[in-house]
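Morning, everyone. I have one structure to go through, and I will keep it short. Please have a look at it first.

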Amino acid sequence: MSLESLTRYCLSKKGTKEEYPFGDDILVIKVSSKIFAFLSERNHQPNISLKCDPFIADNLRQQYPSVTPGYHLNKSHWNTIILDGSIPEPELYSMIDHSYELVFKKLTKSEKDAVLQINTSKSFK
């Protein structure tokens with residue numbers, strides 16, 4: 001699974017945008033004003049960091065050696081996933097969906113309403 005395909009999947013979600021607030025090497029993907037994914041390469045290893053319920057985060061870390069506590073993030077609520085091919089694509093997509101949903105739920109009512117009003121033809125390919 002490549003960073004490019006994960007980026008496309010993240011950006012296929014309603015109300016998303018990409019930014020580079022930390023420099024050219026860390027892509028941040030937001031829903032409205034809140035970050036739900038960080039994509040980068042560290043030590044020549046592509047990775048994605050995603051928000052996660054703490055209980056689920058711990059389970060994923062036990063299940064997959066490539067899932068570690070969030071790099072430079074809140075270790076309880078973020079996982080960093082090394083994209084070494086050890087996690088099936090559907091599982092990665094599920095992790096992205098979970099992160100997006102957690103962050104969307106924390107948006108203000110006006111931000112949620114704005115996202116829900118977006119008439120988009122975004123699709124993942």
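Predicted model: local features only at pLDDT ≥ 70, side-chain atom pairs only at ≥ 80, totals over all residues.

Strand β1 covers residues 16–19, and strand β2 runs over residues 26–31. The two pair in the antiparallel sense, over four bridges.

Now Lys30, which sits in β2. Is Lys30 buried or exposed? Its relative accessibility is 15%, and the cut-off for buried is under 20%, so Lys30 counts as buried. What does the side chain of Lys30 meet in a polar contact? The partner is the side chain of Glu19, at 3.0 Å. Beyond its neighbours within four places in sequence, Lys30 is in contact with Gly15, Thr16, Lys17, Glu19, Ile35 and Phe36.

Last, the largest pocket. The space in it is about 250 Å³. Its lining is made up of 13 residues, and those nearest the centre are Ile26, Phe38, Ser40, Tyr71 and His72. Which elements give two or more residues to that lining? They are β3, residues 34–42, and β4, residues 45–51. Of the elements, β3 gives the most, with four residues. By type, the lining holds five nonpolar, five polar and three charged residues.

That is the end of my part.

Note on methods. Residues numbered from 1 in each chain as written. Heavy atoms only, no water. 1 Å grid on protein atoms, 1.4 Å probe; cavity = no way out; pocket = protein on both sides within 12 Å on 5 of 7 lines; lining within 4 Å. Points joined across faces, edges and corners; volume = space filled by probe spheres on them. Nonpolar A, V, L, I, M, F, W, Y, C, P; charged D, E, K, R; others polar. Buried < 20%, exposed > 50% of the residue type's maximum accessible area, 1.4 Å probe, protein only. Polar contact = N/O pair within 3.5 Å; in protein donor to acceptor, adjacent residues only side chain to side chain. Contact = heavy atoms within 4.5 Å. Pairing = 2+ DSSP bridges.
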